[in-house]
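Hello,

Here is the structure we spoke about. Please look it over first, then read the notes below.

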Amino acid sequence: MAIENRKVTVTVNGQERSAEVEPRKLLVHYLRDDLGLTGTHIGCDTSQCGACTITVNGDAVKSCTMLAVQADGAEIMTVEGLGTRNELHPMQQSFWEEHGLQCGYCTPGVMMAMIGLLKENPNPSEEEIREGMEGVICRCTGYQFIVSAVQKAAKIMAEANEKNDQKVAASQLVGEGNL
Amino acid sequence: MANAVGAPLKRKEDPRLLTGNGCFADDIQLPGMLHAVILRSPHAHAKIKKINVEEALKSPHVIAVYTGKDLEGKIGPVPSSWLVPDCNLKEAPQYPLAIDRVRYVGDGVALIIADDRYAARDALDLIDVEYEVLPAAVRQKEAMQKGAPLVHDDIENNIALHWKAGEVAEEIMENAEVVVQESFYVQRVFPSPIETRAAIGQYNPGSEELTLWCTSQNPHIHRMVLAGVLGISEAKLRVIAPDMGGGFGGKIGVYPDEALIGYAARDLGRPVKWIEQRSEHFTSSNAGRDEVIDVELAGNRDGTLTAIRVKNTANLGAYLSTMGPGVSTIDFGLMITGAYDIPHASCETFGVYTNTTPTDAYRGAGKPEATYQIERIIDLYAREIGMDPLELRKKNLVRKEAFPYTNAQGLVYDSGDYEKPLQKALEIVNYEQLRQEQEKLRKQGKLIGIGLSTYVELCGFGPSKVAGAIGFQGGVWENSTVRVHPSGKVTVYSGTSPHGQGHATTFGQIVADKLGVPMEDIELVFSDTKAISMSWGTYGSRSTAVGGAAVAIAADRVVEKAKKIAAHELEAAVEDITFENGVFQVKGVPGQQRTFQEIAKSANMAWNLPEGMEPSLEAQSFFDPENFVYPFGTHIAIVEVDKETGEIEWKRYVCVDDVGRVINPLTAEGQVHGGVAQGVGQALWEGAIYSKEGQLLSGTLMDYALPKARFFPHIESSFTETLSPVNPLGAKGVGETGTTASIPAVMNAVMDALKPYGVKDIEMPLTPEKVWRAIQNGEGN
Amino acid sequence: MNIESSHTFKGVSRELLWKTLQNKEALRRSLPGCQSFEEVEDNVFNAELGINIGPVKGAFTGVVRQVDINEPESYRLLLEGKGKPGEIDADAQMSLEETDEGTILTCRADVKVTGVLAAVGQRVMGGVAKVILGQFFKDIQKETKEMAKL
């Protein structure tokens with residue numbers, strides 16, 4: 001009863017990648033085993049822990065709740081696409097500075113989930129961050145320093161956006177002057 | 001770099017982990033790698049009548065299937081590593097796969113090896129096992145009764161051990177003005193690291209070396225034990241613990257599964273990977289606690305405590321785990337007096353076999369249980385004599401002048417000033433005012449509770465001769481090598497095996513201060529038995545106090561040698577050389593100096609060394625501490641209980657911990673937060689539930705409440721520093737304090753809130769339903 | 001775990017209900033998810049049932065025994081089933097009580113399960129069992145009409 005493999009193509013972290021997979025293969029296994037993106041981790045088998053959270057077309061998704069074939073054609077971001085060691089994403093930088101991780105196993109999923117949260121709510125309160133973490137479990141930190149990290153990241157990202165807006169406004173002014 | 005110790009430095013290990021560049025077990029891919037799954041017993045107790053593996057073997061993906069019978073005589077049983085003496089310990093052999101009888105849900109029955117992860121799991125359904133179900137012994141007190149089903153036929157009444165320490169003369173109890181008695185159940189919980197267990201075996205037929213990557217907190221213990229189980233030389237077995245997603249005690253144990261994977265990799269000549277599923281983890285990884293504790297505290301009406309008598313009935317599960325026998329005996333029984341000067345104490349422990357998953361050390365291992373019973377009974381005693389629980393504590397805490405203090409069970413507490421963190425915590429919460437407010441709110445019908453926990457715990461086991469005397473099948477010393485390269489860059493090897501604690505940073509800080517080199521110049525190596533000399537790993541909050549001390553001593557030795565070389569080059573006497581901030585200087589002669597890096601080069605080139613000196617700049621130390629270390633502190637929980645729903649609302653959680661020298665306040669606070677979260681989890685939400693047939697009903701993350709972010713209050717954490725005299729760092733240990741202290745703090749707070757209803761105890765976890773029922777059944781209702 | 005459920009078969013006499021419950025064909029049609037139901041000896045049946053309890057789905061094969069038959073008042077059903085999600089062992093006391101309205105059928109069962117069924121299923125099993133029994137009672141009600149025609 002051989003079921004034919006299917007070719008699944010995704011754009012992951014800005015790069016087009018594809019692999020032939022069994023139709024039943026979970027997206028998380030496709031990312032880890034077929035594409036070699038092992039930064040996304042697996043912590044449970046009932047979709048509770050959220051260690052495997054990534055973004056699919058911009059939304060935070062637990063990659064154990066999707067089949068690889070369902071992601072065909074999607075735009076995916078994993079922790080590997082966030083920032084590099086020399087140029088960390090504000091979320092990574094803040095987790096580092098605020099000691100938001102200990103073993104680091106849940107961390108990629110938590111960061112991706114929190115990026116999803118900040119997209120919806122760029123300036124969350126402590127309570128909103130704690131509630132926003134409903135889908136993830138960290139066993140090491142007691143969450144407090146994760147909350148501080150997310151608060152810091154939100155601030156940095158908001159400032160960067162502001163600067164960006166100013167830049168855009170400035171370039172628009174320059175543009176107008178050229179007319 | 002000077003003054004790295006004590007600075008809240010960012011962790012060295014983080015950039016790797018934050019960018020997805022960690023290397024956890026499941027990230028390891030080897031050419032030709034096979035995947036293993038283990039078929040496990042669905043019954044708590046049954047005879048295996050027949051195993052039919054034919055269908056599984058027909059699958060084109062299945063490479064091999066092994067059953068317990070196939071492995072008979074080929075792999076030995078996995079022994080316990082804590083053979084507690086003088087307690088009539090009866091160890092039943094645990095074979096890596098059950099041979100003719102399964103003894104708990106999750107007991108391994110068959111090992112399947114396939115060439116694909118999914119196909120391996122498919123094959124689980126193709127094995128047909130015929131069982132004859134037997135009655136099961138599940139709870140310890142029932143399992144001890146005559147006529148209970150026997151887990152092991154030759155072990156009478158299922159009693160694995162009967163241990164006693166200390167004696168309280170009957171007349172002391174009889175003559176006491178007050179005796180308060182209570183029975184507490186410290187329920188079974190799961191350590192639950194977010195990464196489950198894993199093992200990968202690779203055999204090299206040329207060198208005949210077997211490499212085993214496994215989730216181990218103590219790779220050298222794994223190597224020592226597994227070499228015996230597999231019947232191979234330790235010199236041919238290399239155990240590596242890769243990056244690990246937490247442990248909390250659950251990865252101390254040497255498990256049958258690791259032996260199986262090592263065996264299969266060698267037998268098949270191909271790499272084999274096994275990754276535990278989460279639901280499998282619940283039944284097949286060692287659990288924690290599960291102790292019924294009966295306690296009697298005796299004393300006078302004025303609050304003078306005279307004696308404590310404790311009986312612990314511990315559920316050890318179906319087999320003795322690696323540390324299992326020591327938890328409810330040594331770890332628990334010698335600490336029953338807690339931080340109080342109680343002159344007489346006795347503890348009697350029964351360790352009982354049951355048809356459940358074995359229990360082992362879980363964060364604190366015996367100390368949370370010991371702290372729980374003393375901190376809870378102190379509160380009940382205070383209630384009995386109408387005294388504020390704070391006053392009763394103050395009256396009985398071991399005095400600062402008494403250190404080193406010998407407790408009634410013979411342990412010598414290294415150093416302490418118990419009033420210091422207590423006072424600080426009281427100031428933070430403004431205790432007196434708080435009590436007044438509580439009284440006012442009580443009159444308005446609001447149930448506010450204040451819970452204190454003035455704890456002490458023992459960690460950093462040592463010396464090894466004591467470990468031997470208490471039956472621990474290993475040493476408790478630690479080793480470190482500090483190797484200085486020609487450039488002056490440094491590699492530090494440590495026998496501890498971190499998995500989230502951040503040793504690369506804290507040990508780096510120790511070395512940076514000692515050698516005067518920047519943190520970036522220091523690399524740490526852990527967790528590989530081929531790279532690191534014999535050592536004992538990470539558990540029991542021993543890493544800094546013992547492992548960090550070894551690092552400090554090795555670094556001192558490097559400096560000592562470097563100083564001699566500098567003196568030689570500068571043509572001065574060694575006594576005249578000072579070393580500060582990485583520079584060797586002739587006292588009072590400016591300009592006459594050498595940098596650490598220059599000496600590193602000289603030492604390694606060896607062109608001009610002092611007469612008779614060996615080349616290179618490297619030192620090793622083996623540090624065996626003279627005593628345990630005893631961190632202490634005060635935790636205060638403030639809660640409000642909703643009368644109508646039984647729900648518990650957080651007001652504040654304040655902790656002041658004294659863990660000796662704090663190497664890195666940021667990571668130390670992180671340890672406290674995490675520890676508190678696990679303790680609070682035990683008090684309020686977590687609990688293993690077995691049916692009377694021995695089925696685990698809380699066997700997935702849907703059913704077992706691992707705490708989420710919104711469950712917690714803001715934890716207000718701070719430290720006092722009372723140095724330990726037993727190691728050169730003055731460090732005590734911080735990994736387990738939060739868990740040890742917080743369970744009774746929370747419980748005392750809730751019981752204090754329910755005091756108007758006369759409620760003295762509710763079995764943990766305090767679900768709203770249980771709290772509501774206690775209120776309904778309470779006085780005045 | 002204990003499961004108890006009862007149903008009033010309005011306007012159905014105890015004798016008719018008994019007859020229906022003893023009819024192999026009627027049972028085969030009424031047992032939820034029943035794929036096969038064969039009498040192998042007197043009052044012993046081999047059955048194959050599809051069960052779907054929340055996250056746990058699977059086919060169960062087993063043996064159903066009817067004992068302690070006390071026509072038309074009561075009987076006991078002993079069920080031993082085995083499937084991928086685990087094993088089921090049930091002991092159900094079925095009693096029929098005639099009233100003015102009709103006949104009340106009560107099922108009191110002690111059910112033991114193992115494996116995933118226990119770990120995952122137990123939490124929802126009580127509710128699911130009631131739904132399954134409810135379906136069974138409804139179908140039996142229909143069968144009594146057919147049976148009355150005979």
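How many helices and strands does the secondary structure of chain A come to? It comes to five helices and five strands. Helices (H or I, at least four residues) and strands (E, at least two) are DSSP runs, numbered from the N terminus.

Some ground rules. This is a predicted model, so local features need pLDDT of at least 70 and side-chain atom pairs count only at pLDDT 80 or more, while totals for chains, interfaces and linings use all residues. Residues are numbered from 1 along each chain as its sequence is written, chains are lettered from A and ligands numbered from 1 in the order in which they are written, and side-chain values use heavy atoms, with hydrogens and water left out.

Chain A

From the N terminus, the elements of chain A run β-β-α-β-β-β-α-α-α-α. The C-alpha atoms fill a box of roughly 70 × 50 × 30 Å along the principal axes. Of the 179 residues of chain A, 51% count as buried. Buried means under 20% relative accessible area, exposed over 50%, and partly exposed in between (1.4 Å probe, protein chains only). Contact means heavy atoms within 4.5 Å. Among contacts in chain A between residues at least 6 apart in sequence, 55% join residues at least 24 apart.

Chain A exposes about 8,300 Å², with 48% of it from carbon and sulfur atoms. Accessible areas come from the Shrake-Rupley method with a 1.4 Å probe; for residues, only the protein chains shown count as cover. There are 15 positive and 24 negative side chains in chain A, and the centres of the two sets lie 5 Å apart. Lys and Arg count as positive, Asp and Glu as negative; His and the chain ends are not counted. The place of a charge is NZ of Lys, CZ of Arg, CG of Asp or CD of Glu.

Look at helix H1 (residues 27-34) of chain A. Six of its eight residues are buried. They are Leu27(A), Val28(A), His29(A), Tyr30(A), Leu31(A) and Arg32(A). Within chain A, the buried residues of H1(A) pack against strands S1 (6-12), S2 (15-21), S3 (53-56) and S5 (75-77). They also pack against helix H4 (117-124) of chain B. After H1(A) comes Gly36(A), with a positive phi near 75°.

Chain B

Chain B has 21 helices and 28 strands. A compact globule of 781 residues would have a radius of gyration near 28 Å; chain B has 27 Å, which agrees. That radius is taken over C-alpha atoms, and the globule rule is 2.2 Å times the number of residues to the power 0.38. The C-alpha trace of chain B spans about 85 × 75 × 50 Å along its principal axes. Of the 781 residues, 67% are buried. Of the contacts in chain B with a separation of 6 or more, 80% are between residues 24 or more positions apart.

Where is Asp624(B) found? It sits in the loop between strand S25 (617-623) and strand S26 (632-641) of chain B. Asp624(B) is partly exposed, with a relative accessible area of 36%. Leaving out residues up to four places away in sequence, Asp624(B) touches Pro463(B), Ser464(B), Val476(B) and Trp477(B). His503(B) is 121 residues from Asp624(B) along the chain, and their C-alpha atoms are separated by 19 Å.

Chain C

Chain C has three helices and seven strands, in the pattern β-α-α-β-β-β-β-β-β-α. For 150 residues, a compact globule would have a radius of gyration near 15 Å; chain C has 15 Å, which agrees. Buried residues make up 43% of chain C. Chain C has 19 positive and 23 negative side chains, and the centres of the two sets lie 8 Å apart.

Between the chains

Two pairs of chains are in contact, and chains A and B share the most contacts. There, 56 residues of chain B are in contact with 52 residues of chain A. The two chains bury about 4,700 Å² between them, 56% of it on carbon and sulfur atoms. On the chain B side, Leu18(B), Tyr118(B) and Ile194(B) lose the most area to chain A, together 17% of what that side buries. Buried area is the accessible area (1.4 Å probe) that two parts lose on being put together, summed over both. Chain A and chain C do not touch; their nearest C-alpha atoms are 10 Å apart.

Best wishes
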